Amino acid sequence: MSRSTRMILLMFAFAALTALCVRTRVGAIQSDLQSRARAALDRADMHWATVVMVGREAMVSGTAPTTDAGREAAVAVAAVDGVRTVVNHLKVGRPPGPGGAPE
């Protein structure tokens, strides 16, 4: 086997191993980020907000009591180390009462 063939095979094996490592760690990283983002919202007493991670992108949703509270929720999640971007899907208004009916 020529030296160039061995080098190509080695590069291919390295790329495949790297892809495998990244693929197996993505779920754990995403889960960790989601837990830490949820904890940041809980510490700020923003139980009305939910967060879902897609990779390192956080999607924040829920019904914020005020516009400022909605901004603060997005800032709290953005401050979590490892979160790359925050997509704010928050609505502003009174949350639904029991049974889903507005109060």
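I started with the sheet: three strands, open, in the order β1-β2-β3 with mixed pairing (strands pair if DSSP finds at least two bridges between them). β1 (49-54) and β3 (85-92) are the edge strands, each pairing on one side only. I found neighbouring strands turned by 15 degrees against each other on average, direction ignored; axes are lines fitted to C-alpha atoms, for helices over the stretch in contact, with angles from 0 to 180 degrees between N-to-C directions.

A note on the source: this is a predicted model, where local features need pLDDT of at least 70 and side-chain atom pairs pLDDT 80 or more, while totals for chains, interfaces and linings use all residues. Numbering starts from 1 along each chain as its sequence is written, and side-chain values use heavy atoms, without hydrogens or water.

Next I looked at β1 and β2 (residues 57-64), which run antiparallel and are joined by six bridges. Valine 52 has methionine 59 in β2 as its bridge partner.

Then the overall layout: I read α-β-β-α-β from the N terminus on, with helices (H or I, at least four residues) and strands (E, at least two) taken as DSSP runs numbered from the N terminus. Helix α2 (residues 67-78) lies across β1, β2 and β3 and runs at about 155 degrees to β3.

Last, I checked burial: 20% of the 103 residues in the protein chain are buried (under 20% relative accessible area; exposed is over 50%, partly exposed in between, with a 1.4 Å probe and protein chains only). Methionine 7, in helix α1 (residues 3-43), is partly exposed at 46% relative accessible area.

Notes. Contact means heavy atoms within 4.5 Å.
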